[in-house]
Structure formats: C-alpha cells, structure tokens
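Me: I have just opened this model and would like a guided discussion of it. Please keep the answers plain.

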Amino acid sequence: MAIVEALEANQLSGDGAFRFGAPDRLLLVSGGPVSHLATWSLVAAPAIKRVVIRQPSRHHMPAAEPHEPLTGDLRLMDNETILQAEVEEWKHGSWYHSVTLRATDLGDLFFKLQAETPDIPFVCAPSVGLPGGPFWSGALAYDLVQWTQPIRLQHPPDEGNLLAVLWRIDGGIAVDHENDTPHVFGNNLDWCAAAEKVLAWDGQPVSVTSPQPHREVVTHTDETHEDNVEAVRQGIVNGQVYQVNVGKHWQGEIDHPYTVYQRLMRSNPAPFSAYTHAHDLGFALASSSPESLLMVNGTTLQTSPIKGTCPQGTDIEEASRYREQMISDQKERAEHRMLVDLMRNDLTTVARSGSVNVGRFDVEAYANVQHLVSHITATIKPETSGADAVQAIFPGGSITGCPRTMVCAVIDQLEEMPRSFWTGSIGYIDVHSGQSAWNILIRTLEAHTVGGKWHASVGAGGGITIASQPKKEVEEAAWKGVALRIAAGWMREEHTTLPSGTLGIHPLDPPKTPQMEGRCGHIRTLKEAFDQDVKGSVLFIDNLDSFSLNIADAVAQTGRDITLLEGRSPQSERWFDPVALHDLLEQLAPSHLILGPGPGRPEDASLTMALAHHALAGQLTMPVLGVCLGHQALALADGRHVKTSPFGPIHGVPVGIEHDGSGVFSSQPSKLKMTRYNSLVAVENGQHQLTVNAVEADSGLIMGVRHPTLNIHGVQFHPESIGSRDGQQLIAQFLSTQADG
C-alpha cells in the first residue's frame, strides 16, 4: 500500500500518470506470513493495452430453455459460440479500440494474444518469479464457463456484461517477500527511473480509514439457501450429482473499493489477494483469496484446491481442537478427497500420463477460518501450454463440484443468476511461454459505479454433500463472508461472534498417489485415434464423469494406449446406429473396453447401455469392464434392478471390499479398500448371467460382478480414486486378461 501511495503521489499511477498509460490499477498481493504460498507481490505500471470481453447478444448466445438438471434433464450444447475479445490501446488520454479477436475458447484466446504481445525480454527484468517479458494480467468471470463446459446457461449474464478484463503488463514493481525488497521492472525506462526514486519507505504504516456504515441486501434468504441445500441432497440421492457448491450474494453501497481492499489487507490478509480497477468501465474487484487455481512454471503444473472448513478459535488451543475435529471428520475428508480426485482428472487433460501427484496436504489457517488444502502437481505435455491448462480447469472444482458438467448446470438452475466474477479468477499469463498463476475469486468483492456511487456484491457458499446440514451450510457461508461485509461497512465487527486467529500452515501427510513404474501409454481422443489410424488401444466410454481421465491415466500407467469416446454428447448419437457402432469397433479394434462412470442412471447413457447389451449377447470379443455407472449398465442389461442404495449415498469414502478372488479380483489382497462414489446400486432379483464376486464388507451391497464364461466384469467402486489403495493393481489385472478370440 505504501508503494501504491508513493507512485500515485508522484504521478506514476492513477489519474496523474496519463503520459505513461491508463489510470486503471492492478495489484497481485501475497498477504500473510512468508511461506511457499506468499513469496512476491506485484504493483503494475500504467497499462497501454488491454482486452475486454463482454457477454454476446442473445441472438448469438441465447439462454437455454427452462430445464432441471437435478432431475437428470441435462441439455448439452451441440455448437460452439465464438468468444469475442476487444483489444484496446491507450492513446491521447483514452482507451481506443484496436482489433477484435475471435476465439473458440480461453486457451485459443491466449494463443491469439501472442500477436498483441512483444516476445522480447524486459530491459529491466523482475528478480522474482514473474515472466521475463510482457505478459497479461487481469480477471476472468465465472460466467466464462460458457466456453469451458458444453452447456448453455438458463440464467446467462445480460448482453454486454463484463466477462473479462486483462491488461498487458509492460512494467511495474515486484516485491520479494523473502527479504522485503521491491524491484522495478519494465521497458519504459523513464517510468522505471522515476519509480526507483520514490521507493523509499519510512516504515510508517499507511493510514486506513474506517468504513462508513451502509445497508446490505441478500440475494437468497436463509430459507432459500436451505432449500437449495436440500435440493442438492435429493439430487445426490437420485445419483445425478456427488457434490455441488451453491452460494448467495450480499449486496449494497460501499466507499471506494480500494479503501475496502486496504481494510481487507489489514483484517484478512491472504496469499492470493488482488485488486483490479478499470477506471472508465466503473468496475473493480477487491479479493483476499486464500486459494490458488493454477500455477504453471516451466513444465510444472500445480493446483491447490481448498475443501473443508472450520472456524478459527478464541485461542491457540481452541483453534487446534477445531482443526483436529475437521481433520478427523469423515464428511470433511470425503468432500476434500472428492475434490482432489476431480482436480487430478482436470490436470490429466494437459499433463503427462503418470505425472499427477499430491505433493502437499495442509491445514491453512486464516483470520476467521481454517481450511484443508491439497497441492497437486503434474508435468505438462510437450504439445500443450499454460493457456490449455487454464481452459482445462476453469472454473475451479472447489467452487463447482462433481461431476463438473452436471454441477455447473445445477448451479445455474439453483442460484438463478449469473455469478459474474465471484468464483472466477484473477492472475497472469505469459502467452508465449505459458508461465502463469491464477487464484479463485472467493472472499472477493465486485464493485460497479451506479449513479456516481459504488455498489458492490460479495458471494459466499459451500460444497454440499449428502452429509451436509442445511442450517450449518448457511452458517458456514456467513463465516466466509464476514470479513468482506465488515470491510464494506455492511456489518460492524462487534456484531459478529466469529473469533479471529493467527495465520499459519499446518502440514499433514499427503495421500500416496497410485503410480506404476515403466513406460506410460498415450491418452487420445477419438479424433486423434482416427487421424493417427490407431488400432488395438483400450477404448474408454466417457459418460461425463469428473474422474474419467483418472481411469484413463491409470490405464496409461500400465503402458497401454487408451482412446476416449464421448458417451453422452450430441456428437455421440451417431454411434446409436448398430451398423455405425460395429464399423467403429472394427476400425479401432480395441484390446479392451471400459464403460466409464457418470451422473444419473445407466439409462441416461444410451451408448453405454447399448454396449452392455452387445457384451452380454456375446457380440463383443474384447474384455469388458464397467465402472460405477458402467457396472450398473451391465447389471441392468442382465435384468437386475438398479435402485437407490438402502443405506444412502456414499461419495469419496473408502470402504472395505470382500471378494472371492475371481475375475478382476484374482491375485488381489483379501482385504481391499476402495472408494465409493455412488447413490444407486444393483440388487439381486432372480437368476442372472452375471454372478456377484464382491460385496461391501459392512453393508453386503454388490460391489463386483463377472460373467462365468465371457470376459465381462463390473465394479461399483472407483479403483482410480486417491482413496482406493489397491485400485491400480485391479485395473492392471483387468488389462492382463485376453480377448475371447
């Protein structure tokens, strides 16, 4: 804050810096104790180029017809809408339109921005971990989900609403927190020289004004919030979703958003804080986010999902008790495990097979709350980049849920309004090298000028699982919004009983990521398999599950290639024709077939059901394995009933498995631990071809089936999960089986 004041006082930023660039402002601030999270901060120099993205017209992107994804009515998009970005240049004291970029998605947009970005090093280079040449930084709205998931929103933003603002960073001041040293960098030598002269700070803290009291309104009452939690829980019981993050917004008038941000830096410092202000657009974001969505540095990818929350304590002992309760709570751990599996899946889109690993598992303590946090790393594929990685994992899984495509549609259904920038991202990207870092915009205030006054919105919510209690979820959302509502002047500090505590990181033992040694196979899309004339690989039917690529990665770790076939998309309907399906299988000649998991009932996955019937009729020669929904499809095709579990849904919980040592369980340990993600189960109801060869130890529910003569197997659990201790070996056992001839 002292640097910002010094620059503004000397007309090196803000309104007085028009000769250097725009009055817009961008700060990336690592608040809190110096750690592996908080290493540097950035104060950007005045920008001379920016990109603005707005919501297209309803003609180009109409709202979806009313439907209810929670009942299984998922409407997938069958055509792509162009993402249009306006590049603007700062000239003569104003922003002027320069060029329009048209992209297919976020990754393509960053690729096209290469033409607007000099690929030359800074004359004065930053000494911290920032790119060595011009890069882009700014904010992405959650509503860009319209280009990262194959759904059309029922409640899209109004035409012309902001979806992103990014500035080209040609210079600035980077602060190295290891030694508390600022470094000026950039290509404008006049600005750099002037900035060097004003960096001296006498150590006196910057004065921060107290908030003026303002009134707030809330978009969802506590009763509506509770109803939404119950609706999600019913959707979980019906097998449509595993976990959904739902929230609400507090809104009201505020002082200037930068003064709110200053208060947040004092009251609620966080490692991925940021402030952006587009002066002429009347738009600002003040974020004290604790969560990292993505970091890309060289060949290393990292995502750090947060899931699992408890309060701080009134003292160290109470904070420790809350922390231990959270660590040992089955709901919190299952919710977190689910998110880790989801983010492993998303990284696999752009990562080398076998490289995804959970490197750290911590409790991170902040001003009012404590969180479970995993740090998941991977090695990027040579043919992909940091731009592809943003496209693959935006928006973050911790603020959407599982399975991703379905829950994004459910969020739209329940919240009944655009999220705008809440749960989007602020960060930066070098569009040439792919080096990047993005936060998740939680603990964030979004502000717009209306009639000369600033009005703002603060969103908060939580991940809903079957174990969620509606009233507690409402309370948790309130905890998460307290610091911002106080900083905005909507609450007085004495009106909250939420204790504050000391910031810190408490390391835990990370789970061991199942990995095999040796050569890894390739994961290909169907198009890639066609283009490369691939034959004899494993064929995987992807039913929109958020863990599908984890199964593909587990297969690749055995050294086998795997081809992904979309099982639930408008494009997959061509394979419903038996002749077309026969020709496809003949062309691919797969060595094995895996019917993947997914949301809903097996009847919702028509291609998987068709393949299940073909397999049981003896019309497929390759070995077949059904996982979760795929297992249920085999059971249903065999005449069993598929019903809601009499013991309720289980998601993200490792359970004991008893088996008879046959089929995929041959050579497996007698005591298995496998993670369940299911609400529906196959049940006995007469004579069937498939025999049961595994059950859950405690409940006796069917967990595995096999055919007595054909090479057909089904497992209800998820062997690829981080919590499935012996799952990799089970997948390898299936792949060791041979075709029937």
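**Loops and peptide bonds**

Me: Where is P395 found?
Reply: P395 is found in the loop between α8 (386-393) and β19 (401-402). Helices (H or I, at least four residues) and strands (E, at least two) are DSSP runs, numbered from the N terminus. This is a predicted model, in which local features need pLDDT of at least 70 and side-chain atom pairs pLDDT 80 or more, while totals for chains, interfaces and linings use all residues. Residues are numbered from 1 along each chain as its sequence is written, and side-chain values use heavy atoms, without hydrogens and water.

Me: Is the peptide bond from F394 to P395 cis or trans?
Reply: The bond from F394 to P395 is cis, with omega near -10°. The peptide bond from C402 to P403 is cis as well, with omega near -15°.

Me: And where is the place of P403?
Reply: P403 lies in the loop between β19 and α9 (404-415).

Me: What about Q11: is its phi positive or negative?
Reply: Phi of Q11 is positive, near 55°, in a residue other than glycine. Q11 belongs to the loop between α1 (2-9) and β1 (25-29).

Me: Turning to helix packing, at what angle do α5 and α10 pack?
Reply: Helix α5 (residues 257-267) and helix α10 (residues 470-488) pack at about 130°, and their axes are 9 Å apart. The crossing of α5 and α10 is right-handed.

Me: Which residues make that contact?
Reply: On α5 they are V260, R263 and L264, and on α10 they are A483, L484, A487 and A488, with contact meaning heavy atoms within 4.5 Å. By class, the contact of α5 with α10 has six nonpolar residues, one charged and no polar.

Me: How do α7 and α12 pack?
Reply: α7 and helix α12 (residues 548-556) pack at about 65°, with axes 7 Å apart. These two helices are therefore roughly perpendicular to each other, and their crossing is left-handed. The contact involves D341, R344, N345 and T348 of α7, together with S548, L549, N550 and D553 of α12. It divides into one nonpolar, four polar and three charged residues.

Me: New topic: how many cavities of 30 Å³ or more are there?
Reply: The count comes to ten. A cavity is a set of points on a 1 Å grid where a 1.4 Å probe fits but cannot get out, and lining residues have an atom within 4 Å of a point.

Me: What volume has the largest cavity?
Reply: The largest cavity has a volume of about 220 Å³. It is lined by 24 residues, of which N245, K307, R443, G461 and K480 are the closest to its centre. The lining comprises five nonpolar, ten polar and nine charged residues.

Me: Which element gives the most to that lining?
Reply: β23 gives the most, with five residues. β16 (306-311), α7 (330-348), β23 (453-464) and α10 each supply at least two residues.

Me: And how much space lies in the second largest cavity?
Reply: The second largest cavity holds about 110 Å³. Its lining has 14 residues, with N268, Y366, N368, V369 and R443 nearest the centre. β18 (369-379) and α10 each supply at least two residues of this lining, and α10 has the largest share, three residues. By class, the lining of the second largest cavity has eight nonpolar, four polar and two charged residues.

How values were computed: Axes are lines fitted to C-alpha atoms, for helices over the stretch in contact, and angles run from 0 to 180 degrees between N-to-C directions. A crossing is left-handed if the near helix is turned anticlockwise from the far one by less than a right angle, and right-handed if clockwise. Ala, Val, Leu, Ile, Met, Phe, Trp, Tyr, Cys and Pro count as nonpolar, Asp, Glu, Lys and Arg as charged, and the others, Gly among them, as polar. On a 1 Å grid over the protein atoms alone, a cavity is a set of points where a 1.4 Å probe fits but cannot get out, and a pocket is an open set with protein on both sides within 12 Å along at least five of seven lines; lining residues have an atom within 4 Å of a point. Grid points are joined across faces, edges and corners, and a volume is the space filled by probe spheres set on the points. Angles under 35 degrees count as roughly parallel, over 145 as roughly antiparallel, 65 to 115 as roughly perpendicular and the rest as oblique.
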